[in-house]
2 protein chains.
Amino acid sequence: MSRRQFESESEFLRRYDPKSFDPLSLTTDLLVFSVSDGETENYRKLPEKKFSLLLVKRSSHPFFGKWCLPGGFVELRESIDEAAVRILKHETNLSDIYMEQLYTFGSPDRDPRMRIASVAYMALVDKDRLNDRLDDRASWFHLKTRESEDRMDVVMDNGEESLSVRLKKTLCHHTVNSYKFEVIENESLAFDHALVIAEGLNRIKNKIQYTDIAFNMMPSSFTLGELQQVFEVILAKKLLDPAFRRMIADTVEKTGEFRTGGGHRPSALYRHKK
Amino acid sequence: MSRRQFESESEFLRRYDPKSFDPLSLTTDLLVFSVSDGETENYRKLPEKKFSLLLVKRSSHPFFGKWCLPGGFVELRESIDEAAVRILKHETNLSDIYMEQLYTFGSPDRDPRMRIASVAYMALVDKDRLNDRLDDRASWFHLKTRESEDRMDVVMDNGEESLSVRLKKTLCHHTVNSYKFEVIENESLAFDHALVIAEGLNRIKNKIQYTDIAFNMMPSSFTLGELQQVFEVILAKKLLDPAFRRMIADTVEKTGEFRTGGGHRPSALYRHKK
DNA sequence: CTAATAGTGTCTATTAGACAGTATGTT
DNA sequence: AACATACTGTCTAATAGACACTATTAG
């Protein structure tokens, strides 16, 4: 045993040299999800809801020209959560947004520059709050997912480009909703971001069913039809009206207002009950 | 714009200097949970199950002499998962153990030496596989938790020392099972490990109810009474027999063997059905 | 009137909670 | 016989799925 254990903690810290360690960096990558209205062909049909994800075109090496999740380095004096908030603010000019840590990705070769671990966060944004002050290089992509027992295919489209990713799903420990993903096909996404997206989609699909995170993507008042559409587009399946209304019954309350003008019976407006 | 965007990716990478960044390290901390038998006062009573957690006494600065989770630095050429596996092997001599990533902790001041982020993992071990080859400084602590709406108290006892931690629970976003924890009282645990333990307990309490992770803490054959005790000690509440048996019915199968000698009706032995 | 969505009533099937009962070993 | 656990039957309450029905408006 060296004499080090006999010195005081403050002496020990004085001698400690952080620069002597292998260089490693920490980043956060953000999955910013939102829901927006599509087009209506018919004046009386409701606009279709689109599930969307914010991507950024890389303007520097590595992966120059490819799309990736907004992200950046964690600075020395901020927590990882603070870094995520700062980066979201920088990319979208938004603050006070729902955010949760998703997973930390740390394969040694996930970034060609150096050893970089990345803590992924998921943010949920009401599109109405997106005041057009997006970063130039950022763009919203509509998301379409198709899932089977052992596959997950994701198609992303921003109106100009269409990106597609295919992943293999493996059930972990014989359990519902606990999967490991592997990328089978990915042309257009940088780093391991296809994986991050898959994990995020998995998380939101599960969590929307037993928490009230969905309201973070809704404006302050909404109809139950709109809310149901949001669930349907995220879960990628139709829901039955009475069952859906029972499910969300005690998380919403009527505002007393109605939305008219749709060529059909007016719908009551609701807000999230806290 | 600099001319950098016109150089090739390989030229860019050649010029890239990892040493120019602020020094930061990455560690993993392991929550190693297990279940073991307590004592029996009465020959015909079943031994009480104890939920237990592996802690290590710190033999160097910082937090010299305090207890902490087993952990260590992530090395440059291994993934974070690989680091967790390596550290578990080093502390317990066990491999091929169930492990899942829990959460990444990264407050700038969580370690007094330097900026260190830590990725916490949860490992579940069948105590019968623990072949006494524990690290000298490591010790199993029996865990007792008491939870109320806004509090979580944890008492850990290894027969010689008793550590106690009190935390405040805050419900996140009006949702069941999604909490933020803050440490109110903690004398004996190093770093922010009281927080890590709270997050881990929360995770296992939830996940045991909708996955089959519990079997990772069971020996290859067991009685349903033992299995039920494991659920009861982790959830910290009594369960009704018929409901419990219905719940786990399709995750187990009979081995055909029976356990006799208990002063009561023999119990059928089961195994985990995959 | 018609197309379209809004919203409700109700029947049924499934699941969860509770309790009481029977079974069978050891001392 | 007594005790302790093993295991099952069944009643009831709550929840989820399915379908059919009524309501209301713009054009």
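Okay, let's start with B:E160, which sits in the loop between β8 (151-157) and β9 (162-171) of chain B; strands here are DSSP runs of E, at least two residues, and helices are runs of H or I, at least four, numbered from the N terminus. Keep in mind that this is a predicted model, where local features need pLDDT of at least 70, side-chain atom pairs count only at pLDDT 80 or more, and totals for chains, interfaces and linings use all residues. Residues are numbered from 1 along each chain as its sequence is written, chains are lettered from A and ligands numbered from 1 in the order written, and side-chain values use heavy atoms, without hydrogens and water.

So, is B:E160 buried or exposed? Exposed, at 74% relative accessible area (over 50% is exposed, under 20% buried, in between partly exposed; 1.4 Å probe, protein chains only).

Next, the sheet. Three strands of chain B form an open sheet in the order β11-β13-β12, paired antiparallel; pairing takes at least two DSSP bridges. β11 (222-223) and β12 (252-259) of chain B are at the edges with a single partner each, so one side of each has no neighbour in the sheet. Between β12(B) and β13 (residues 267-272) of chain B there are 5 bridges, and B:K254 faces B:Y270 in β13(B).

Now DNA strand C. α5(A) gives the most, 3 residues. For polar contacts (N or O pairs within 3.5 Å), a polar side-chain atom of B:R44 is 2.5 Å from a base oxygen, while a polar backbone atom of A:A268 is 2.7 Å from a phosphate oxygen.

Note on methods. A polar contact is a pair of N or O atoms within 3.5 Å; within protein, one must be able to donate a hydrogen and the other to accept it, and residues adjacent in sequence count only if both atoms are side-chain atoms.
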